[in-house]
Amino acid sequence: MRALRGAGLRAPLSVAWLISWCSVIAGPPGEKMTAAAGSCIMLPGLDQLQGVSLMQWKFSEQYLVIYHVNNSSFPDVVDQDRFLFQKSNGSLQICRLKVNDSGIYTLIINMKKQNERSIQLEVVEPVSQPELWSNLSLIGLSTELVCSTSVEKVAKYQWKKDGKPLPIESHYQLSQNNSVLLILNTTWSDKGSYSCNVSNEVNWHEVSLELPVQQYRKRIWMLLPVGICMIAYVVTEEGSFGEKSLQQNFLECLV
């Protein structure tokens, strides 16, 4: 009777310990991590090594680390310049990350699939300092501001005017990815400082531009002297300019 009671007490404890051990080994399923290209990242290992005799890190079909816990020898690491394995908990540090390091990394315990821990790593190229420029902003016409960066993966473009979020109104229109700001029917109130913030999962940059606004009619009057000189030359009789070249006479007329 005592033996039965003893066995009945031991079984739940053994099951509880096994469940606890397996949860520590397996870790959270489907973890996702993001890092910047050129940086380092630490892939987490285990909370405890109880019951662990063999740890392996695998990426795609390649084994990055093989470590026999009860063996005094050093772990077998495929590239010690980039990969640093921590024997104390099985974590793996990867440095000088490249975009093609993105993928699924698997920590295998005791060569058992049910004890695998997978981490999906995405390596993202940091956004570069953007450039911001615009066409000539004239009263009554449309003004276009273009924000560009050399990195393709940009998660968000955000615009501000005079340090405040851009007002939501039909006067302002954004392109599909928000990289181009179009100001319709430009007015004097559109004059000011415009800033563009570009960001992705790993960093952000901001650039500003002081936008002047000019009267459209002034641009027309600037062309009148040129037109007058051209007309004067056409209607003047041949040879009236003497031996001077066409270019010299034209420049003298403008002056």
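**Bridges, disulfides and strands in a predicted model**

Visitor: Let's start with E61: does E61 count as buried or exposed?
Guide: E61 counts as exposed, because its relative accessibility is 66% and the cut-off for that label is over 50%. Please keep in mind throughout that this is a predicted model.

Visitor: Which residue forms a salt bridge with E61?
Guide: The partner is K58, and in this salt bridge the closest N and O atoms of K58 and E61 are 3.9 Å apart.

Visitor: And how many salt bridges does a search of the whole structure find?
Guide: Searching the whole structure turns up four salt bridges. As background, side chains that carry opposite charge can pair when their charged atoms come close.

Visitor: OK, what about R82, which residue does R82 form a salt bridge with?
Guide: R82 forms a salt bridge with D101, where the closest N and O atoms are 2.5 Å apart. R82 sits in the loop between β5 (76-77) and β6 (83-85), while D101 sits in the loop between β7 and β8, so the pair ties together parts of the chain that are 19 residues apart in sequence.

Visitor: Are R82 and D101 buried or exposed?
Guide: R82 is buried, and D101 is buried as well.

Visitor: Moving on to E31, which residue is its salt bridge partner?
Guide: E31 forms a salt bridge with R117, and the closest N and O atoms of the two are 2.8 Å apart. Since E31 belongs to strand β1 and R117 to strand β9 (residues 112-124), this pair ties together parts that are 86 residues apart in sequence. E31 and R117 are both buried.

Visitor: Change of topic: how many disulfides does the structure hold?
Guide: There are two disulfides in the structure. One of them is formed by C40 and C95, with their sulfur atoms 2.2 Å apart, and this pair links distant parts of the chain, 55 residues apart. C40 is in the loop between β1 (31-36) and β2 (41-43), whereas C95 is in the loop between β7 (92-94) and β8 (103-109).

Visitor: Is the link of C40 and C95 right-handed or left-handed?
Guide: The link of C40 and C95 is right-handed, with 115° about the S-S bond.

Visitor: How does C40 count, buried or partly exposed?
Guide: C40 counts as partly exposed, because its relative accessibility is 44%, and that label covers values between the 20% and 50% cut-offs. C95, by contrast, is buried, because its relative accessible area is 15%, and buried means under 20%.

Visitor: And which residue does C147 form a disulfide with?
Guide: C147 forms a disulfide with C196, their sulfur atoms being 2.1 Å apart. The link of C147 and C196 is left-handed, with -90° about the S-S bond. C147 lies in strand β11 (residues 143-148) and C196 in strand β16, so parts that are 49 residues apart in sequence are tied together by the pair. Both C147 and C196 are buried.

Visitor: Which strand does S195 lie in?
Guide: S195 also lies in strand β16, and S195 counts as buried because its relative accessible area is 7%. Leaving out residues up to four places away in sequence, S195 touches Q158, W159, K160, E206, V207 and S208.

Visitor: What order do the four strands of the open sheet with β16 follow?
Guide: The order is β13-β12-β16-β17, and the pairing in this open sheet of four strands is antiparallel. The edge strands are β13 (164-165) and β17 (204-211), each of which pairs on one side only.

Visitor: How many bridges join β12 to β13?
Guide: Two bridges join β12 (residues 156-161) to β13, and the two strands run antiparallel.

Note on methods
Residues numbered from 1 in each chain as written. Predicted model: local features only at pLDDT ≥ 70, side-chain atom pairs only at ≥ 80, totals over all residues. Heavy atoms only, no water. Disulfide = S-S within 2.5 Å. Buried < 20%, exposed > 50% of the residue type's maximum accessible area, 1.4 Å probe, protein only. Contact = heavy atoms within 4.5 Å. Pairing = 2+ DSSP bridges. Salt bridge = Lys/Arg side-chain N within 4 Å of Asp/Glu carboxyl O.
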